[in-house]
Amino acid sequence: MSVMERTVKLGRDDPRRIIHSLKVGLALTFVSLLYYWRPLYDGFGIAAIWAVLTVVVIFEFTVGATLSKGLNRGLGTLLAGALGVGAQHFASLFGQTGEPIVLGFFVFLLAAASTFSRFFPRIKARYDYGVLIFILTFSLVSVSGYRVEKILELAHQRLSTILIGGATCIFISLFICPVWAGESLHNIIVSNIEKLANYLEGFGGEYFRYEDGENVDEDSKHNKLSSLQAYKTVLTSQSSEESLANFASWEPRHGKFSFRHPWKQYLKIGSLTRQCAYQIESLNGYINVPTEIQVAIQFRRRIEESCNAISSESGKALRILASSIKTMTNPSSSSKTHIENATAAIDELKNTLKTGYMESSDLLGIIPDATVCCILIDIVKSVEKILEAIEELGVLASFKSVEPTVSPEKSTQLLHRGIVNPLFDGECGDHVVIMVDNEVEVGKSHGLEVKPSNGEMVCK
């Protein structure tokens, strides 16, 4: 029952896993016809087993991974097979005695050179599997060719069956419920930024919690703390992001992503997100630390408003940035507004810190709270770097610019308690009617003529 429960949970967490398993089964069943159907078996012989082995080896979860392995295996097999046949033919010119010596020399030379090439970072990242197949195929062809007379026929059969198996995998992966590595990377980056936003938005409520004799529901407190801990998965996401970015570079155009989509910029954003997550990890260590010193409690109450503003505004900015990547639109000006609000709160916090240190007689008691303040300041700087990286991604990927025509926050700031009615068509054209506390003022702003009209201001 336990195994069954875990199996059901695994499938529910990501139904694509079930579909992938069915696709692998379908591919293996199809290439097995090379063995089961007599006319095909007569054409390929026992070499048909290479098609089955190819499907097992190269069929991966994402389209990019399958294409990467399939193309690497196909090109490696083709090149190694040609060189193996050429080496065998060249070695035969040295007679029966010299042929094994020449073949051994070629095997040693190409195997050593190919193995050394795997240490180059670019080859290791993109072509490592192809180099490995090259070494294997060349060795098999050159060595087996010494005892097999029909070497060309053997090479042709193996290459044909490998290509059939690879083509089957690529076709099924591309056209039957495809799983795109690029889309997965895109979603992971968005999800990671949202996790950081969730933590920062909920940090103030957890950190500035005072035990004043109130009964706190332990279950609800535990659930809330557990939800905030989701950021920890960001700390270990580097390997999966790099792997997905590598596979995404092999994929054709799909959905909103072009063939030359700037996947490397996603890695930069992911790196900056992890830096912010490490800062949050440091911040998380100060939650639920008991504070019994009266001076420390008073100091914490003084910095509470500024720290809440910093963490909340930073979280809101990150949430807007995550939405920007998700919808592939340039970050709106509201994200910068939130960062500016956080910066203004930092200035207030610095003033509070200065006065707090000077008035406090117990510096050791307020060091933990002061450390939290410093970490929050660093987090705001990290959010600014993430914003810059996303703006750069918007330029490289040609994100759309979507900016609201009327911002409620801006209207509130500019008009204070004024009321802005929507645009409507009248006899004199499009106009906006504004009433400000029933008071009438006459003036011009940005080329708009402002005239009083029955207790209202009409901007034409």
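1. The face of helix H2 that is turned away from its buried side carries the exposed residues Leu-22 and Thr-29, where exposed means over 50% relative accessible area, buried under 20% and partly exposed in between (1.4 Å probe, protein chains only). The model is a predicted one, in which local features need pLDDT of at least 70 and side-chain atom pairs count only at pLDDT 80 or more, while totals for chains, interfaces and linings use all residues. Residues are numbered from 1 along each chain as its sequence is written, and side-chain values use heavy atoms, with hydrogens and water left out.

2. The buried residues of H2 are His-20, Lys-23, Ala-27 and Val-31. Seen down the axis of H2, these buried residues fall within an arc of 60°, so they line one face of the helix; the arc is that of the directions from the helix axis to the C-beta atoms.

3. Helix H2 spans residues 16-31, and its 16 residues reach 23 Å from the first C-alpha to the last, close to the 22 Å expected at 1.5 Å a residue, the expected span being 1.5 Å times one less than the number of residues.

4. Among what covers the buried residues of H2 are helix H3 (33-36), helix H5 (49-58) and helix H10 (151-175). Contact here means heavy atoms within 4.5 Å, and residues 24 or more positions apart account for 74% of the contacts in the protein with a separation of 6 or more.

5. For the protein as a whole, buried residues make up 41% of the 460 residues, and there are 18 helices and six strands, which are DSSP runs numbered from the N terminus (helices H or I, at least four residues; strands E, at least two).
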